[in-house]
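Please read the points alongside the sequence and the coordinates.

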Amino acid sequence: MAHDILIVDDEADIRLLIEGVLQDEGYETRSVAESDAALESLRTRRPHLVILDIWLQNSRMDGLELLEAIEREHSGVPVVMISGHGTIETAVKAIKIGAYDFIEKPFKADRLLLIVERAIEASRLRRENEELRLRGVPETELIGKSSAINQLRQSVQKVAPTGSRVLVTGAAGTGKEVVARQLHANSRRANGPFIVLNCATMHPDRMESELFGQEGESIGEGSANKVGTFERAHGGTLFLDEVADMPLETQGKIVRVLQEQTFERVGGSRRVEVDVRVIASTNRDLSELIGEGRFREDLYYRLNVVPLKVPSLRERREDIPHLSSYFMSRTSDNSGLPVREISEDAMAMLQTYDWPGNVRQLRNMIDWLLIMAPGSASEPIAADMLPSEITSKSSAVLSGASNSDILALPLRQAREKFEKQYLEAQINRFSGNISRTASFVGMERSALHRKLRLLGINPER
């Protein structure tokens, strides 16, 4: 989407000149002649960049004073100063206050465009760095080759460029935020901000001020206006994580914002315009909550334009080796510890476990293994090194549990019972994929089908 640039200059011909140059390059522009109009324009819609003249005639504040006000109220918006009467001292002072750069009039169009492009890019990188510091390095890839994850990956690629609102559903820990980040990264808003608001961890009393911001007496005298997540996400994507936990009253206000793309800050009366794509997620059944009167039906239909479901880890067990390798490399990079191989028996046990915490639980377990598993770095991680929560709930055959009951049976019955346990565990490990199971156990596909029928095993179940 086009970047929005606010031009503040008391000379009409300069404003027209700059607007013409920028619009020819695809930028959206708006212009004002004095400081109060500039602040009003900033509060109405947050721009991607401000081009600000130092000497503002007939204005309550000059350019440097207005720059200070912008830094207080709209920190993060880059400002490029321009002046026909500037000195080195003035330029240095402006940059110390927070300006990105200083251009002297008359300026060449090429230089102006270069500085504008660099200022917007620097602002984007700074925003990303701040997010990384606050949240750690986020997962941004859908790892795996299973049919379930391939189908989800294709759906993401199809819907991402459309700009449609998306509701991402799935159990806790499946990677709903990863899907939201993929949607943003593959959209036309990829260079804009990606802002996350976790509705489950936000106190209901603070929800509206977090979403819409706050101003005036509601903050306290002498305090700068608080910019909310909707405003910070202008030109980008707002991810409402666990939206089912949002208070009903706030849900009604979200409906209006989605419809009008404008809102009022808490304590304010001015309409703020935004251009935001909203992606929401939930691990709960919103239809059920609607029936209980705990979630608004009109909000559900506005958010659920394109539904995407993230499969649980037990629905894509064949991805566990890929995920384990990926997390092992990530943990190794972060900790400085060498990567360790996971043995075949340990991997078989990981693939038969049900993973109630899904991908997040697997990632935490791989972290634990790399740090805490006994043995040298060159020694593979064996099944007996896995945490007890894995070994105690895995298949009796693969976990090495006692088979004393088999010892009490005649050979033919004991063999049938062992074969049934073994084949059920392997089919579970390969998510019901007969071809992969047959290849691993060393049987022809047709022979395996006959054996399963003989033992009364239903691979689909």
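Is Trp355 buried or exposed? The answer opens the first point below.

1. Trp355 counts as buried, at 0% relative accessibility; buried means under 20% relative accessible area, exposed over 50%, and partly exposed in between (1.4 Å probe, protein chains only). The model is predicted, so that local features need pLDDT of at least 70 and side-chain atom pairs count only at pLDDT 80 or more, while totals for chains, interfaces and linings use all residues. Residues are numbered from 1 along each chain as its sequence is written, and side-chain values use heavy atoms, with hydrogens and water left out.

2. Trp355 lies in the loop between helix H14 (344–352) and helix H15 (358–372); helices (H or I, at least four residues) and strands (E, at least two) are DSSP runs, numbered from the N terminus.

3. Glu242 likewise has a positive phi, near 55 degrees, and is not glycine. This residue sits in the loop between strand E8 (237–241) and helix H10 (248–260), and is buried, with a relative accessible area of 10%. Most residues other than glycine have a negative phi, and most peptide bonds are trans.

4. The peptide bond from Lys105 to Pro106 is cis, with omega near -10 degrees. Pro106 belongs to the loop between strand E5 (101–104) and helix H5 (109–135).

5. Helix H13 (residues 320–335) and H15 have axes that come within 9 Å and cross at roughly 50 degrees; axes are lines fitted to C-alpha atoms, for helices over the stretch in contact, and angles run from 0 to 180 degrees between N-to-C directions. H13 is therefore oblique to H15, given that angles under 35 degrees count as roughly parallel, over 145 as roughly antiparallel, 65 to 115 as roughly perpendicular and the rest as oblique. The contact of H13 with H15 divides into eight nonpolar, four polar and two charged residues; Ala, Val, Leu, Ile, Met, Phe, Trp, Tyr, Cys and Pro count as nonpolar, Asp, Glu, Lys and Arg as charged, and the others, Gly among them, as polar.

6. Rings of Phe, Tyr and Trp (its six-membered ring) pair if their centres lie within 6.5 Å; planes under 30 degrees apart count as stacked, over 60 as edge-to-face and the rest as tilted. By this rule there are eight aromatic pairs. In one of them, the ring centres of Phe418 and Tyr422 are 6.0 Å apart and the planes lie at 15 degrees, so the pair is stacked. Phe418 and Tyr422 are four residues apart in helix H19 (residues 411–429), and are therefore separated by about one helical turn. Phe418 is partly exposed at 38% relative accessibility, as is Tyr422 at 24%.

7. Ring pairs also link Phe212, Phe230 and Phe263 into a cluster. Phe212 is one of the buried residues in helix H8 (residues 204–212), which include Met207 and Leu211. The cover over the buried residues of H8 includes strand E7 (194–198), helix H9 (229–232), E8, H10 and strand E9 (262–264). Just after H8, Gly213 takes a positive phi of about 85 degrees.

Conventions:
Contact = heavy atoms within 4.5 Å.
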